[in-house]
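The sequence and the structure come first, and the description follows.

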Amino acid sequence: MPDRQLLIIDAQNDFCALPTYSYSPALAVKGAHDDCLRLARLIQQGGLAISGIIATLDSHQPLDLANAVCWRDRHGGSVPPFTAITAAEVRNGDYRPIIGVSAQDGGQFLEAYFDALEQAGRTLTLWPEHCQIGTPGHNLHTEIASALRQWSLQRLKPITFIQKGENIWTESFSALKAVFPYPDDESTQLNQGLLALLARQTEILVAGQASSHCVKETVEDLLRYAPALRDKLVLLTDCMSPVPGFENIAQQFFADMQAHGVRLASSADLLAELTD
């Protein structure tokens with residue numbers, strides 16, 4: 001049997017509008033609930049052909065560089081979620097963080113962070129508070145959690161869980177590293193252990209949320225730091241969806257991956273292969 005690893009990115013409640021659950025997601029991704037149902041079905045019905053499962057968890061604190069509530073405009077007013085802040089706007093005083101700006105608190109890093117974002121052609125998107133540690137939104141989607149428990153007991157193997165995003169001074173979309181690692185914080189550096197684990201696999205199945213952000217940046221980092229994994233990757237396109245308003249980014253991501261020779265497949269097609 002091939003060594004087939006399933007990499008699940010951030011299949012958490014705060015991204016899923018659950019029709020039978022009273023919890024209201026903080027950052028609902030249209031289609032994420034159905035994505036999770038399809039992925040759970042794949043695990044339940046094709047789990048014997050899956051050698052290992054890694055599940056990442058977007059993990060934040062209330063105080064966070066990318067939380068909209070942690071910023072004020074030049075008049076002291078609140079800043080709405082999904083505002084994109086540029087380095088120039090921070091330098092001009094159009095926006096300022098409420099978190100400390102002393103060197104001890106990370107202020108020097110913050111200044112360098114925006115300079116690095118600018119050089120990379122990126123902005124800082126401010127998000128609604130989501131996936132805060134200890135809240136229901138941080139938990140895995142119920143059907144995914146149930147499928148993982150079933151798989152673990154059936155295969156007598158543990159799930160590998162990876163938390164990302166706890167450092168309040170840098171963004172962590174990718175499961176491999178923060179956008180710009182924070183000095184002396186190993187959790188923000190390149191995860192060499194994860195790369196080594198994936199390098200041993202014959203096939204790597206990728207699913208989760210969202211195709212416009214965390215899935216996209218994880219896969220791009222895999223190709224950047226371990227290009228030999230390209231031929232092992234399978235993106236389960238019906239088990240991931242884009243954040244609303246960022247659909248074009250997801251479409252471009254899929255096009256880029258196809259151009260690089262990465263396989264795109266539906267969960268139904270893959271399940272037929274796993275159970276053949």
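Predicted model: local features only at pLDDT ≥ 70, side-chain atom pairs only at ≥ 80, totals over all residues.

Because K164 belongs to strand β7 (residues 160–164) while D10 sits in the loop between β1 (4–9) and α1 (32–46), the pair ties together parts that are 154 residues apart in sequence. Both K164 and D10 are buried, and a network of salt bridges links D10 and K164 with D58.

| Pair | N to O distance |
|---|---|
| D94 and R74 | 2.8 Å |
| E118 and R91 | 3.1 Å |

D94 forms a salt bridge with R74; since D94 lies in the loop between α2 (87–91) and β5 (95–97), and R74 in the loop between β3 (71–73) and β4 (84–85), this pair ties together parts that are 20 residues apart in sequence. D94 is partly exposed, its relative accessible area being 25%, and R74 is likewise partly exposed, with a relative accessible area of 48%.

The salt bridge between the side chains of E118 and R91 links distant parts of the chain, with E118 in helix α3 (residues 107–119) and R91 in helix α2, 27 residues apart. E118 counts as partly exposed, at 41% relative accessibility.

Key:
Residues numbered from 1 in each chain as written. Heavy atoms only, no water. Helix = DSSP H or I, 4+ residues; strand = E, 2+ residues; numbered from the N terminus. Buried < 20%, exposed > 50% of the residue type's maximum accessible area, 1.4 Å probe, protein only. Salt bridge = Lys/Arg side-chain N within 4 Å of Asp/Glu carboxyl O.
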